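User: Could you help me look at the aromatic rings in this protein? I am new to this and would like to go step by step.
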Amino acid sequence: MIYDHAFFASQISALRMAKGVSARDMSLSIGQSPDYINKIESKKNYPSMAMFIYICEYLGVTPKEFFDVSSQPPGRISELISDLYSLEDETLENILGIIQKYYAHRKST
């Protein structure tokens, strides 16, 4: 696996969203400017090594876990999960209903 800027930005974004915190709030929580994490996630900046360690601590992962993709969902599923975090509850309920109907239909055929 090649760990490029896109991978790094995607990992920070996915882990941050899994924690349920905005990029701005995370930036301020780690003592940086409000747009610090946004710049990393938009591939405009990399953190220093010391800041990367601090980011991992904030996100509750070790650096090894950060780069371990074997325990994470494949790309398209991870992308879908990330997108789900931005949806309202009603929309999530509708999507869940669609998925449940799909599986109920598959089981009956």
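User: How many aromatic pairs are there in this model?

Analyst: Keep in mind that this is a predicted model. Two rings pair if their centres lie within 6.5 Å. By this rule, the number of aromatic pairs comes to nine.

User: How many residues apart in sequence are the parts that the pair of F8 and F52 ties together?

Analyst: Find the helices they belong to. F8 lies in helix α1 (residues 5-19), while F52 lies in helix α4 (residues 49-59). The pair therefore ties together parts whose separation in sequence is 44 residues.

User: Which helix holds F67, the ring that pairs with F52?

Analyst: The ring centres of F52 and F67 are 5.7 Å apart with planes at 45 degrees, so this pair is tilted too. It ties together parts that are 15 residues apart in sequence. F52 is in helix α4, and F67 is in helix α5 (residues 63-67).

User: Is F67 buried or partly exposed?

Analyst: Buried means under 20% relative accessible area. F52, with 6%, is buried. F67 has a relative accessible area of 27%, which makes it partly exposed.

Key: Residues are numbered from 1 along each chain as its sequence is written. This is a predicted model: local features need pLDDT of at least 70, side-chain atom pairs count only at pLDDT 80 or more; totals for chains, interfaces and linings use all residues. Side-chain values use heavy atoms; hydrogens and water are left out. Rings of Phe, Tyr and Trp (its six-membered ring) pair if their centres lie within 6.5 Å; planes under 30 degrees apart count as stacked, over 60 as edge-to-face and the rest as tilted. Helices (H or I, at least four residues) and strands (E, at least two) are DSSP runs, numbered from the N terminus. Buried means under 20% relative accessible area, exposed over 50%, partly exposed in between (1.4 Å probe, protein chains only).
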